[in-house]
Amino acid sequence: MSTSPEEFFGELNQDAVSILNLISNLSSKEMIGIMDYQNLSTWWCDRARDFFKLSDNVIVQEASEVYEMIHPEDLDKFKEDLTNHMHGKNLEEPMEYRVLTGDSSYSLFTTKMDIVWDPDGKPKWIVMLTENHGISDEVDAVTGLYGEELFDQRVTELVNQEKKPAILKIAIDQFSHVNVMYGANYANQVLSEVAYILRLAAGKKGLVFRLSGAKFALVFENMSEEELERIYQFIQDSLSDHLAIQGKKAPLKVSGGGLVISHSQMDSIAIRSHLTYALNHSHHHHHGELVVYNDEQATDFDDNLELISRIHEDAVKNREGFYLCYQPIANTATGKIMGMEALLRWKGEPYGVVPPGYFIDWLEEDPCIFELGNWIIGTALADAAEISKTYPGFFVHVNIAAGQVERREFRESVMALLMKSGLAPSQFCMELTERVREMDMKFLRKEIEFFKGLGIKIAMDDFGTGNASLALALDLPVDELKIDMSFVQDIQRVPVKQAMVRAIVDFANNTGVETCIEGVEDQEVLEYLRQYQATWHQGYFYSRPVPIQEFKKLLEEENI
């Protein structure tokens, strides 16, 4: 049953429909609904109508029809919250629930409500703002720049139209120092100022996008390598000398990778891989000077994209070339190995073992990461459960990508894999990678709280890099901070690194959070790091990452 928007709104200004749709369109995640309390009919904006495949904008639904869409585990709480809200109770608390959005998949929603009362004090209109947490905003909240999804769309569009896109990928080097020393608010101001300078550099010729962490991309049409280099030089000069935050100069060093696409045979996976390759070479081998990708420079990495295509095919289909290696995690007080971290590897002929740095970044951005991630979790849990039979309490850490957490069915997948393995939830730790930490904070906190409620532990990986600051650790209820190995390299000779590691460990110890220092390479480093009193150590001193059979031998030798 439905009525027209004109009939529904009645006495309201007829422009209300258009205005409300425009407001809703300002965000890709939020949808507006208005209920006529007396007639129990509801008007939904165009996005909600299309998303839920409603017959019309205005509908009258039986309660049973609504309840069928709610996840069974959330139904009782949904009914209670809905009843309270419709009677004007607890309106300040948003409703949270999962809604069936496919044949068997659910998406997390939150709904805020408020009521327009009639002169007699009875509800007249119920206004609802519903947010779909399964959808990422197209615009980055910190910088106001377009996000990664639109970056892919724009580049693909230019390639398909044969407009020869030219791309600059830029990373702020050692941005982690800004985060750790000054906190998230200051770091966000820096990112915002960087975005302003990048907009100036792009001018009317191109668009600017924010990628993961402190990385950005500028996309142009029909631009030569020489023009890219001039723009990059402007960016370098501006960020190294002209950037001022809170009245103080904040010189930044950047690395840059470039790509000029001259044909229409390159897909988004290849484009991302080439840009990452060029950016890494800029950072590690060219002291931040721009590296523009070309086939001659990259002969040591791929042969006409065959390697990339091969790895991607394995990830999508049978995962034949993938396997896991494990690195020990040792108790700092006793030196005894108590757990392990699962690390993904790929091997295939004629390439041999391909270092993960070549494929992890773009693999995490591909939709295939969900199924591949499930395979990683399942394999790691099964291996840990086998070890736990001999060594009770033995635990395993698994890196979790944003592409997994974003999926509606991730919770159910993890619970099913954990149950199948027989491993206790307390023996499983999920490590949040950089892109996970950049997700909507409310959504991420809810996901963390859900898994912690099951007994699963949560660690923040590579702490101190990207957007991982002490302020972020306060916002998220994590169990462990893993201090990135970049802080350990030359720590005996670098006072700034000593101060950072001490600050992180002291913060964690004072707030009941565990710490793991990565990059413990030898006995000398181990002895030096003991003074910081972290909970765990990890690094080559204990072992390089090894396949499961070798890891079991390592444990046997330690316990002889």
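This is a predicted model: local features need pLDDT of at least 70, side-chain atom pairs count only at pLDDT 80 or more; totals for chains, interfaces and linings use all residues.

Q: Are helix 13 and helix 15 roughly parallel or roughly perpendicular to each other?

A: Two packed helices are described by the angle between their axes and the distance between the axes. Here, the axes of helix 13 (residues 369-388) and helix 15 (residues 410-421) cross at roughly 25° and come within 9 Å. An angle under 35 degrees counts as roughly parallel, so helix 13 and helix 15 are roughly parallel to each other. Helix 13 passes helix 15 in a right-handed crossing.

Q: Which residues make the contact between helix 13 and helix 15?

A: From helix 13 come Phe370, Asn374, Ile377, Gly378, Leu381, Ala382 and Ala385, while helix 15 contributes Phe410, Ser413, Val414, Leu417, Leu418 and Ser421. Sorted by class, the residues of this contact are 9 nonpolar, 4 polar and no charged.

Q: How does helix 13 pack with helix 20?

A: Read it the same way, by angle and then by distance. Helix 13 and helix 20 (residues 548-558) pack at about 25°, with their axes 12 Å apart. Helix 13 and helix 20 are therefore roughly parallel to each other, and the crossing is right-handed. Asp383, Glu386 and Ile387 of helix 13 meet Ile548, Phe551, Lys552 and Leu555 of helix 20. This contact has 4 nonpolar, no polar and 3 charged residues.

Q: Which residues of helix 6 are buried, and what covers them?

A: Buried means under 20% relative accessible area. In helix 6 (residues 148-160), that applies to Glu148, Leu150, Phe151, Val155, Leu158 and Val159. Their cover includes strand 7 (165-172), strand 8 (206-210), strand 9 (215-221) and helix 10 (268-285). Just after helix 6, Glu162 has a positive phi of about 55°.

Q: How many helices and strands does the protein chain have, and what share of its residues is buried?

A: The chain has 20 helices and 22 strands. Of its 560 residues, 51% count as buried. Among contacts between residues at least 6 apart in sequence, 64% join residues at least 24 apart.

Technical notes
Residues are numbered from 1 along each chain as its sequence is written. Side-chain values use heavy atoms; hydrogens and water are left out. Axes are lines fitted to C-alpha atoms, for helices over the stretch in contact, and angles run from 0 to 180 degrees between N-to-C directions. Helices (H or I, at least four residues) and strands (E, at least two) are DSSP runs, numbered from the N terminus. Angles under 35 degrees count as roughly parallel, over 145 as roughly antiparallel, 65 to 115 as roughly perpendicular and the rest as oblique. A crossing is left-handed if the near helix is turned anticlockwise from the far one by less than a right angle, and right-handed if clockwise. Contact means heavy atoms within 4.5 Å. Ala, Val, Leu, Ile, Met, Phe, Trp, Tyr, Cys and Pro count as nonpolar, Asp, Glu, Lys and Arg as charged, and the others, Gly among them, as polar. The expected span of a helix is 1.5 Å times one less than its number of residues. Buried means under 20% relative accessible area, exposed over 50%, partly exposed in between (1.4 Å probe, protein chains only).
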